Amino acid sequence: MSVMQRPTERQAPEAFRHGSPASATGPVFDERPLAFEGAVFPSPLQRFAPYFVELLGTFILTTTFVYNYRHMGDPLWSATSNGLMVMALTYAFGHISGANLNPSISLALLMSGRQSTNVVGRLCAVQILGAGCAAAMLRGLTQATVDIGPINEHTWRAVVVVEVVYTGVLCFVYLNCAASTRNNPSHKQNGFIGLAMGFIFVAGGYAAREVSRTVLNSAIAAGLTVVNCRDGFSLSGIGYFVADIAGAFLAAGAYRLTRPAELEHRDETCAGAFAATMGSSRSLGWGSAPTGVYPTKKCQKDTDSARVAAEFFGTFVVIFTKALNRLGTANAVGPEAWSVAASLTSMVYALRDVSGAYFNPAVTFAAWLSGRTNIRLRTAMFYMVAQVFAGIAASSVFSAMNNGKPMPLTFGARASTAVAIYGEGCFTCLIAYVVLAMTATNAKDARPRSIRVGVSSSGLAQNDIAGFAYGACQIAGGFAVGHISGAMLNPAVVLSFNGLDIVKGHFRGDVMLYVVWEFFGAVVATGIFMITHVQLYNHTEGELP
């Protein structure tokens, strides 16, 4: 078959013939030359272009990181700078190479069955080459070294934990936003992948600012080793490199737990679509289904355990991020609000089509109470239990890496309990209402009788702004009441922050007041939603609007 032609009805794609057992029966395409689709490059250059942009993108990222992390860099805005650069390059190069720009992400794709070994090997090679070239050039032009490693009294144990967790989250978000065929339905590729990726760097960078400088990219870690080897070989970059590779394994395992349907039916269009696109000679772009390929019903449907796992992972990331921010001082209210909102936004984009991405028992309760989502009482109970246990797990990891250091509920403000719990109730109400407005109004069917293409297993149509709206509420509440109540805004956060104290026998009386008022805020939000969206409830018996 000519490389200038698409697969025909007589010749199935390579990914179908060699990538899966029953591949010959997969969907096929009409025969047209690439030039017909507006191709600019001849075939050899087009095959080279994805690897070139991976090298170029990693070169630019490494340059950005080195300048931000040098001795004279601004520690307050360096994480935002790194995250926005990742965001920009992801949008710029995603349609060409998939914008991995990170060997950890490429390895996660391989371990998730979304990329071939040969392609991953070439991607990793050019990514490390790009980072090495940038590091060598900056080493020759400047005399600055890069500050990485433990900060203050923290040890390498804490550094490794943070680096593994957030690199794993980064790869996990990429797999869910870019490699999932359900999150990228045919002709309706999502527009949030760059935002989700960039916000993970923002979340991890600010959360870990009292522990270490985060890298989250194994190619950049290798490049930083070159920058810092002026006075001898540096082991710091190697430590980051190993931690970042470990994060890829963590992400691949979590992805398999949250999207088992896409992996179990590898012989159907669900996995074949991605393989055909990523393994073709045309590009290595994002893994949406090629023309004529649609996810099957089996690929659309997740198990209850997958949904519960999604709620667990998302809640863990959000609460772990908030806990790390409490290592700062009273002046850390702003960075905490920005960091937590960034983690929440990214995880919503990654998992909204699996479970609804509520990550909050109060919001989950509001979603069930509204009657306009696919959540039944049994599912809601499972979600809330998973969210609470995720909070306990996050607080346990935090405590282990900080030698049992407690997590303060507030930043030491002297506001009265009444003022604090009123603020908690108000902003939890805001969050619950916004989530209902973004979720319950576009659910195709509150009691689905079938699974339709373009609608996730959570019953939600794709929405490019939902994650940002959820995160915006967290930013608003964080800045408004962070210095008053600590901006918990989530019963799972309250219980996790006080879980260790409760075990030790130190129970604060205002803890349950926080929880009660947050649930009360969710109930009020549901009532307001029913009033403002009364048309959704005006239907005859047996029918749904």
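## Where Leu138 sits

Which helix is Leu138 found in? You'll spot Leu138 in helix α5, which covers residues 117-141. Keep in mind as you look around that this is a predicted model.

Is Leu138 buried or exposed? Its relative accessible area is 6%, and because buried means under 20%, Leu138 counts as buried. Setting aside neighbours within four places in sequence, Leu138 is in contact with Thr63, Val66 and Tyr67. Take Tyr67: it is 71 residues away from Leu138 along the chain, yet the two C-alpha atoms are separated by 8.9 Å.

## The chain as a whole

Now zoom out. The protein chain has 20 helices and zero strands. It runs to 545 residues, and 58% of them count as buried.

What about contacts across the chain? Take those with a separation of 6 or more: 80% of them are between residues 24 or more positions apart.

## Two helices packing together

Let's look at a helix pair. Helix α4 (residues 103-111) packs with helix α9 (residues 236-258) at an angle of about 35°, and their axes are 8 Å apart. The crossing of α4 and α9 is right-handed.

Which residues of α4 and α9 make the contact? On the α4 side they are Ser104, Leu107, Ala108 and Met111. From α9 come Asp244, Ile245, Ala248, Phe249, Ala252 and Arg256. Sort the residues in this contact by class and you get seven nonpolar, one polar and two charged.

Next stop: Asn325, in helix α13 (residues 304-325). Why does Asn325 count as buried? Asn325 has 0% relative accessibility, so it counts as buried.

The side chain of Asn325 has polar contacts too. One joins it to the side chain of Arg209 at 2.7 Å, and another links it with the side chain of Ser339 at 3.3 Å. Leaving out neighbours within four places in sequence, the residues in contact with Asn325 are Tyr206, Ala207, Arg209, Ala332, Pro335, Glu336, Ser339 and Val340.

## Helix α20

Finally, check out helix α20, made of 23 residues (510-532). From its first C-alpha to its last it reaches 33 Å, close to the 33 Å expected at 1.5 Å a residue.

Which residues of α20 are buried? They are Asp510, Val511, Tyr514, Val515, Glu518, Gly521, Ala522, Ala525, Thr526 and Phe529.

Conventions
Residues are numbered from 1 along each chain as its sequence is written. This is a predicted model: local features need pLDDT of at least 70, side-chain atom pairs count only at pLDDT 80 or more; totals for chains, interfaces and linings use all residues. Side-chain values use heavy atoms; hydrogens and water are left out. Axes are lines fitted to C-alpha atoms, for helices over the stretch in contact, and angles run from 0 to 180 degrees between N-to-C directions. Helices (H or I, at least four residues) and strands (E, at least two) are DSSP runs, numbered from the N terminus. A crossing is left-handed if the near helix is turned anticlockwise from the far one by less than a right angle, and right-handed if clockwise. Contact means heavy atoms within 4.5 Å. Ala, Val, Leu, Ile, Met, Phe, Trp, Tyr, Cys and Pro count as nonpolar, Asp, Glu, Lys and Arg as charged, and the others, Gly among them, as polar. Buried means under 20% relative accessible area, exposed over 50%, partly exposed in between (1.4 Å probe, protein chains only). The expected span of a helix is 1.5 Å times one less than its number of residues. A polar contact is a pair of N or O atoms within 3.5 Å; within protein, one must be able to donate a hydrogen and the other to accept it, and residues adjacent in sequence count only if both atoms are side-chain atoms.
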